[in-house]
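Here is my note on this entry. Please read the points with the structure open.

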Amino acid sequence: MSPSSKIKDLLPSGAELIEQKKDGLLDVPSQPAVGFIEGDGTGPDIWRASRLVLDAAVEKAYGGARRIHWVELLAGEKAYAETGEHLPADTVEQIRELKVAIKGPLTTPVGGGFRSINVTLRQVLDLYACIRPVRYIPGVPSPVKRPEAVDMVIFRENTEDVYAGIEWAAGSGGAQKLIKFMNHELGTKLDKHAAIGIKPMSKMKSQRLIRRAMDYALERGRESVTLVHKGNIMKFTEGAFKDWGYELAQDEYQGRFVKEGAEITQGQVVVKDRIADNMFQQALLRPEEYAVLATPNLNGDYISDALAAQVGGLGMAPGANIGDQAAVFEATHGSAPKYAGLDKVNPGSVILSGAMLLEHLGWLEAAEKIAPALSRAILAGEVTYDLARQIPGAREVACSAFAQRVAEQL
Ligand code: NAD
């Protein structure tokens with residue numbers, strides 16, 4: 001692939017580009033081109049399996065009237081072997097042009113100060129909303145008594161907070177400079193040997209995330225949006241996140257929201273807030289009281305994994321990173337290199353991320369078939385090794401065979 005290659009040269013015959021309308025909504029043709037990055041390690045096995053299920057779901061729902069043309073985009077080890085770069089600039093440009101892509105897990109190259117490809121993609125494409133739906137899939141072993149009570153969608157801010165990567169090591173020139181400035185100019189009493197990390201959180205970036213959570217809840221008739229924050233301690237960052245959330249609701253959702261405790265009418269959503277540590281208790285004790293969560297970056301990272309574990313699905317949790325110009329759907333687990341090429345691991349995370357992708361395209365008839373089919377396949381008792389060792393009486397099958405079972409259940 002030459003650096004000048006334009007997306008049109010990559011399009012298979014019959015494929016059309018997804019367009020974005022002025023209002024930001026997608027205009028999806030019946031045969032859209034959608035990007036895929038197969039991923040490293042177990043990625044190729046998982047992607048092959050997932051693609052089988054996604055194509056089968058589309059075929060089942062629309063019988064040939066709609067079809068996705070998958071366009072391979074290079075990232076990770078495969079990109080490095082072909083281009084000498086882990087994330088070629090062409091790939092980023094191609095995702096921008098295709099607007100929608102899905103990726104398998106990518107190995108983070110060790111050493112050389114290399115940033116995670118996943119993080120880089122989110123930053124360069126400004127994919128500011130990390131969306132993780134967490135719902136119990138019947139048949140999956142769970143560590144809690146009522147996993148089915150969890151049905152939440154987490155909207156995690158993806159670009160700011162202590163995860164922005166603005167930090168200096170203890171004793172470094174940068175840390176010392178900052179400490180000197182702060183102690184002299186701002187009256188702090190920082191230890192001069194401290195490491196320093198910066199926690200930026202802005203109104204615009206908080207509100208664009210919370211707006212997505214509000215729109216999602218209203219479009220889908222979900223009952224509440226909970227702002228999860230640690231504002232009792234971090235007043236000007238996390239506390240402001242909560243305040244900006246309520247302000248946004250007042251300014252842009254007049255008549256369509258109420259605060260907790262008020263009478264709710266149809267077409268409205270309750271906006272409430274919880275301090276992050278309390279939210280972890282609530283998630284276990286009263287999960288049915290929560291539908292959509294909007295959180296800053298760090299809280300969102302923790303609560304996403306905790307909730308996914310609660311429904312037993314850490315290895316099967318789907319995810320998406322969405323911005324105003326592009327959306328990338330992805331496995332939430334890593335590339336599990338020790339199982340690479342063994343056709344062994346569970347493709348559930350990418351399959352369910354693919355269902356989110358179909359939903360994003362507005363292809364709900366296909367999207368909605370996938371989780372129930374996955375559940376039926378698990379209940380039938382032929383599953384990948386990770387589930388087989390937890391489900392009494394289950395038989396282990398390969399990644400590809402499991403995908404075949406899911407496709408048969410569509
Ligand atoms: P990992 O998720 O790859 O693997 C940890 C363990 O989880 C595996 O040994 C395996 O037992 C299990 N596991 C993972 N995926 C599974 C699946 N689909 N089915 C069944 N079991 C599964 O985590 P790691 O070993 O810490 O990371 C490996 C590489 O992946 C690293 O380079 C890391 O940076 C990268 N990573 C990428 C992503 C991403 O692409 N989104 C996320 C996390 C880690």
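1. The ligand has 20 residues around it; L106, T108, G334, A336 and N346 come nearest. Keep in mind that this is a predicted model.

2. On the nitrogen side, Y385 has a polar side-chain atom 3.0 Å from a ligand nitrogen. H333 likewise places a polar side-chain atom 3.2 Å from a nitrogen atom of the ligand.

3. Now the helix pairs. Two packed helices are described by the angle between their axes and the distance between the axes. Take α2 (residues 43-62) against α12 (residues 364-379): the angle is about 125 degrees and the axes are 8 Å apart. That angle makes α2 oblique to α12. The crossing is right-handed.

4. Which residues make the contact of α2 with α12? From α2 come L54, A57, V58, K60, A61 and Y62. From α12 come L364, E365, A366, K369 and I370. By class, this contact holds 8 nonpolar and 3 charged residues, with no polar ones.

5. Helix α2 also packs on α11 (residues 348-360). Here the axes come within 9 Å and cross at roughly 40 degrees. An angle under 35 degrees would count as roughly parallel, so α2 and α11 are oblique to each other. This crossing, too, is right-handed.

6. On the α2 side, the residues that meet α11 are I46, W47, S50, V53, L54 and V58. Their partners in α11 are V350, I351, G354, A355 and L358. The class count is 9 nonpolar, 2 polar and no charged residues. Note L54 and V58 of α2: they meet α11, and they also take part in the contact with α12.

7. The remaining pair is α9 (residues 276-285) with α10 (residues 297-310). Their axes are 11 Å apart, at an angle of about 15 degrees. The two helices are therefore roughly parallel to each other. Helix α9 passes α10 in a right-handed crossing.

8. What does α9 bring to its contact with α10? It brings A276, M279, F280, A283 and L284. Helix α10 answers with N299, Y302, I303, A306, L307 and Q310. By class, the residues of this contact divide into 9 nonpolar, 2 polar and no charged.

How values were computed
Residues numbered from 1 in each chain as written. Predicted model: local features only at pLDDT ≥ 70, side-chain atom pairs only at ≥ 80, totals over all residues. Heavy atoms only, no water. Axes fitted to C-alpha atoms, helices over the stretch in contact; angles between N-to-C directions. Helix = DSSP H or I, 4+ residues; strand = E, 2+ residues; numbered from the N terminus. Parallel < 35°, antiparallel > 145°, perpendicular 65-115°, else oblique. Left-handed = near helix turned anticlockwise from the far one by under 90°. Contact = heavy atoms within 4.5 Å. Nonpolar A, V, L, I, M, F, W, Y, C, P; charged D, E, K, R; others polar. Near = heavy atom within 4 Å. Polar contact = N/O pair within 3.5 Å; in protein donor to acceptor, adjacent residues only side chain to side chain.
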